[in-house]
Amino acid sequence: MNISGLEGCRVIVCCGSGGVGKTTISAALGLALARNGSKVAVVTIDPARRLASALGLSALGDEPRQVDIGPTGSWGELWALQLDAKATFDRLVQRHAPSADAAERILDNRIYAHLSGAVAGSQEYMAVERLNELTHDLRFDQIVLDTPPAQNALDFLDAPTRITHFIEGKSLRMLLSPGAAAGHLGWKVLHAGSSTVFSILERVTGAQLLRDLGEFLAAFDGMYSGFSERAEAVRTLLHSPRAAFVVVSSADDEPVREAGALVERLTHDRFPIGAAVMNRIRPLPATEPPTREGLMAVLADAGARDPADLADRTLAQLEHDRARALRDHESCARLARLLGGRQPLQVPDFPDEPVEISGLGHVADALSG
Amino acid sequence: MTPPELFDRRLIFVLGKGGVGKSVVAAALGTAWARAGQRVVIAEVANQHRLSDLFATRDVARNAPTELAPGLFGFSIDVDKSTEEYLASHIKVRPLVDLLVRSRAFHNFAAAAPGLPELVTLGKIWELAVALKDGRPVWDKVVVDCPATGHGIALLQTAGNVSELAAQGPVREQAHRIEEVVKHAGATGIAIVARPEELPVSEAIEAAATLRADHFPVAATIMNGMTPRRFWPEDAAVLARVDLDDPQAAAAAHAALQAHHHSTIEHDHLRELATGTHTAPLIMPDLGPVPIGPAELGILADALQAARHAGEPAVRR
């Protein structure tokens, strides 16, 4: 398994559980592809400014910014941006609302303000929208998408479906929109089933909240099919050979298990898996440990005050390192089994965290094999 | 702000970046308290299924306490079920509730209403925190294993947002009552968890600032996975002088120096967490490459109890 399989892909989606270094791997993958001559945009979707620090930038905007990746020669370009769900949502409204007036009505709606600013849910919706925008941006050959930090790494895959369900809430709009659906005759013409539901709901939420929600949904009239079409377009793209999913894991027990679940889900839903990355792998020691006596003698020569004590601690450290390396090795084998025998790409554990572009270069080298 | 403050609260939210070990911290805190004779419930949010793995017990039931260890219970919050329970408590007429939860219109409403799943989740947590039996609290401690930072903060803020959004009605009143408890500095404490790495620490610092600005009671920070220090600067000086002619000894010295370097970086991150959040972080040691089970939770619970009384855990050599 190597990244050469990713070269022709328009979209590369990095997924995996939290804390495995997904953002770093996304950025390094972008760098590796850029070094191969591609023009790459890396999108991160994270409230913390992680990609920004990984790329050595102080702040990333919602707009792609070119990253200085050193003397380029035949290299391509690396661009980075951070998803701003609210900015994307606002832009969407301005672009697709039937009139400037309608756009303003939505942007001023209190429900909209909370919905667009909310982290939960809105990020996943907008990741899909932003991805759709970028696939139409001809500056980039390839887009690498870092997925939102969800409880469940699979949430992102469900976003298009959820958008579609959300916007297809026709019965809800019937229920809530006072004018649009019922031809300005108000609530009374709604059929009995819905109005009963409404009156029950009203007892819990209060009428005003429902009215706001109704106005909000009514303001979106005329934009629904667009939402649906774009979500469908992204879904089609993600299922096509022009997309590749990269499953990222660390060697810890929980992430490997989650990577396994992810592989299963992607396979089941026929999303193309381009590669799997096992991050922060420690190598097995090249030599046998020294004998205690031998080590004591060497440490005494080096001026140790208590050579026996330092030798024991050093040997304990070697044993610890060996156990960890064995576990990492076993985790790679586990992930390979979950992938039906395909070996994951291994990225070594660098002593210093790759938070600068030079550090990312080492990770990119490891990914390129 | 000193660590013991966290131990005096009744409702504890465990928050942090994905992968820092929030579930393990929640489980270790719960274990420490249960061992001290308290009745503890750990609430997990959004189908994590982590508690049953950690305690090697049967699956934690949805919306019902499941005993994990003596005096220690798990509670898995199910949003759909909680929504139904919430409606039932307000509407009181069962057939109407059934009509509502069966209707497609309602499901669309539930999906579209901003913050509803979070509000319902927080409402369930609130119920656990205020539950009384025979005039006494049902739970001495309610520990919440929150979703990853951004989503976790959104969960905490949701009550405030909803009471702002709904001008009147039962939802607003409910949200307001919940907000009061969640922000109550005497009863509630937020524990922010990090690992000794750059990104989890910077995320913890940002989270602490955001939460404090919003008047949430940040009670402690916890540094999870600190490698017990094995080597000190005087050792490093000796190791650096080791004769490189013997490859085995040289490799051993190199490994020890690496470990020392790693430990130094971890301590830099620990200091950064302390100064960045104005807290004295509680330390939970790295237990090596083993899956965490009941025995490991016992060790971590002891470490937390020890850290409560001192700045750093007993050094393992």
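Reader: How many bridges join strand 3 of chain B to strand 4 of chain B?
Author: Three bridges, and the two strands run antiparallel. Strand 4 covers residues 72-77. Strands here are DSSP E runs of at least two residues, helices are H or I runs of at least four, and both are numbered from the N terminus. Two strands pair if DSSP finds at least two bridges between them.

Reader: Before we go on, what am I looking at, and how is it numbered?
Author: It is a predicted model: local features need pLDDT of at least 70, side-chain atom pairs count only at pLDDT 80 or more, and totals for chains, interfaces and linings use all residues. Residues are numbered from 1 along each chain as its sequence is written, while chains are lettered from A and ligands numbered from 1 in the order in which they are written.

Reader: Back to strand 4 of chain B. Which residue is the bridge partner of E67(B) there?
Author: F73(B).

Reader: And what order do the strands take in the open sheet of chain B?
Author: The order is 3-4-2-7-1-8-9-10, eight strands with mixed pairing. Strand 3 (66-69) and strand 10 (282-285) are the edge strands, each pairing on one side only. From one strand to the next, the twist averages 25 degrees. Angles run from 0 to 180 degrees between N-to-C directions, and axes are lines fitted to C-alpha atoms, for helices over the stretch in contact.

Reader: Over to chain A. How many helices and strands does it have?
Author: Chain A has 15 helices and eight strands. Buried residues make up 49% of its 369 residues. Buried means 20 or more other C-beta atoms within 10 Å of a residue's own, exposed means 12 or fewer, and partly exposed is in between, with C-beta atoms placed from the backbone.

Reader: Why is strand 5 of chain A largely enclosed?
Author: Five of its five residues, 142-146, are buried, so the rest of the structure largely encloses it. Q142(A), V144(A) and D146(A) point one way, and I143(A) and L145(A) the other.

Reader: Which residues stand opposite it?
Author: V13(A) stands opposite L145(A), and A41(A) stands opposite I143(A). Strand 1 (residues 11-15) of chain A pairs with strand 5 in the parallel sense over four bridges. Strand 2 (residues 39-44) of chain A also pairs with strand 5 in the parallel sense, over four bridges.

Reader: Last one. Which residues of helix 12 of chain A are buried?
Author: E254(A), P255(A), V256(A), E258(A), A259(A), L262(A) and V263(A). They pack against strand 1, strand 6 (243-250), strand 7 (273-281) and helix 14 (307-338) of chain A. R270(A) follows helix 12, with a positive phi near 60 degrees.

Methods:
Two residues are in contact if their C-beta atoms, placed from the backbone, lie within 7 Å.
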